[in-house]
Amino acid sequence: MFKPTLGIIGGGQLGSMLAIAANKLEIKTVIFCDDIDAPAQKFSNDFVHGQYNDQNKIKEFISKVDVITYEFENIPYETLNEINRIKPVLPKPSVNRIIQHRLAEKDFINNLNIRTTRYASIEKKSEMDSVEDLLPGLLKTVTMGYDGKGQHPVHTLESLDSIDIDYSKGYILEKLVKLKKEISIIITRFSNQKYEIYEPIENVHEDQILRNSKIPAEISDKILNQSKLWATQIAEELKYVGTLCVEFFIDRNDNLYVNEIAPRVHNSGHLTINAYNVSQFENHVRAVCKLEQIPLQKKSNAEMLNIIGDQIIPYRNKKFAENEFFFDYLKKDIKDKRKMGHLTTLIS
Ligand code: ADP
Ligand code: MG
């Protein structure tokens, strides 16, 4: 079987785990990243350092690979599209263009008759006056947000006077859902109606950053089936190739909503490395490199804990039990709120 060389745009922890999975499948990887210290270069066969709009670097990267994927969604559409004219980019750039824009993403989901929270586009402050019924809400930048960055809670219209917001960036106002729980579905689509789907994962966020994840999620069968169905519909509609994550809210009346889609492997799916026969990373590599699809088998229940900021220090020389798996992302600097590693514990 032909084994393509896989180019990965982005060199953080997701790029590292993709490169490790590719290596296991004897697929060579080349990382392209704007950070000279990108941790993923330690696990890849080659590394191109450059800005994501540097034409020469983009050309150099393309010349070294057969197929390209990415570990984060905030890559300019033009860049992905340009690369795609020469070598295939998967998931395809048009998918990323929808998902990287919170309004386009929510419109897309609603057009499938899948529930999201209510929302409105906000491009200037005066537009807030007509959407008071969406309060309390969250005002989010339409692009570039992650780990809660670019989000402002808005309780009353008066409270807006005390926060400094540059409305010209483009915002979405989302009504706050009274959360009972959050779950996510990781699905890898290979081609039409061919996919592998993991069971729902239950997630706890603190300060809008994922803190821990576990399987099984404690949810009703109805929610389990509905979340899997919606994730499958989304992946099919996008004609997606690779691993995709759908994040969901469950409100206090047990209504299910799609929160957002990530066109990539996802933090909540890290436990699949140890809890399943094939991880979300390996499945992504298999799908984008057109390798064999292997039926998923769950090996164990599991919990994953994100290690954030200086919480990493004691873990670095800790002894672990046989059912514990510690991953250090090997980031050069410890920063407040930065994801530094994770610990997965298998639970029988
Ligand atoms: P990010 O792109 O930063 O992951 P999200 O939209 O997923 O942004 O928000 C991060 C977290 O903030 C969510 O997982 C949830 O805990 C909380 N949150 C975001 N939007 C809402 C909302 N409309 N209602 C309730 N909680 C929300
Ligand atoms: Mg999110």
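Reader: Where does P136 sit?
Author: P136 is placed in the loop between β5 (119–122) and β6 (137–141). Strands (E, at least two residues) and helices (H or I, at least four residues) are DSSP runs, numbered from the N terminus.

Reader: And what kind of peptide bond joins L135 and P136?
Author: The bond joining L135 and P136 is cis, with omega at about -5°.

Reader: What should I know about the model and the numbering?
Author: This is a predicted model, in which local features need pLDDT of at least 70 and side-chain atom pairs count only at pLDDT 80 or more, while totals for chains, interfaces and linings use all residues. Residues are numbered from 1 along each chain as its sequence is written, chains are lettered from A and ligands numbered from 1 in the order in which they are written, and side-chain values use heavy atoms, with hydrogens and water left out.

Reader: What is the peptide bond between I215 and P216 like?
Author: I215 and P216 are joined by a cis peptide bond, with omega at about 0°. P216 belongs to the loop between β12 and α6 (221–237).

Reader: You mention β12. Which strand is joined to β12 by five bridges?
Author: That is β11: five bridges join β11 to β12 (residues 209–215), and the two run antiparallel. Strands count as paired if DSSP finds at least two bridges between them. Within this pairing, N203 has S213 of β12 as its bridge partner.

Reader: What about the turn of that hairpin; how many residues lie between the strands?
Author: There are two residues between β11 and β12, and D207 in this hairpin takes a positive phi near 50°. Q208, found in the loop between β11 and β12, has a positive phi of about 65° although it is not a glycine.

Reader: Which other strand does β11 pair with?
Author: β11 (residues 201–206) also pairs with β9 (residues 179–191), in the antiparallel sense and over three bridges. There, I183 has E202 of β11 as its bridge partner.

Reader: Which domains are assigned?
Author: The assignment gives domain 1 (6–89), domain 2 (118–175) and domain 3 (179–347), with bounds from an automatic or database domain assignment.

Reader: How many residues of domain 2 are in contact with domain 3?
Author: Five residues of domain 2 contact four residues of domain 3, contact meaning heavy atoms within 4.5 Å. The centres of the two domains, taken over C-alpha atoms, are 28 Å apart.

Reader: How many salt bridges join them?
Author: Between domain 2 and domain 3 the count is zero salt bridges.

How values were computed: Salt bridge = Lys/Arg side-chain N within 4 Å of Asp/Glu carboxyl O.
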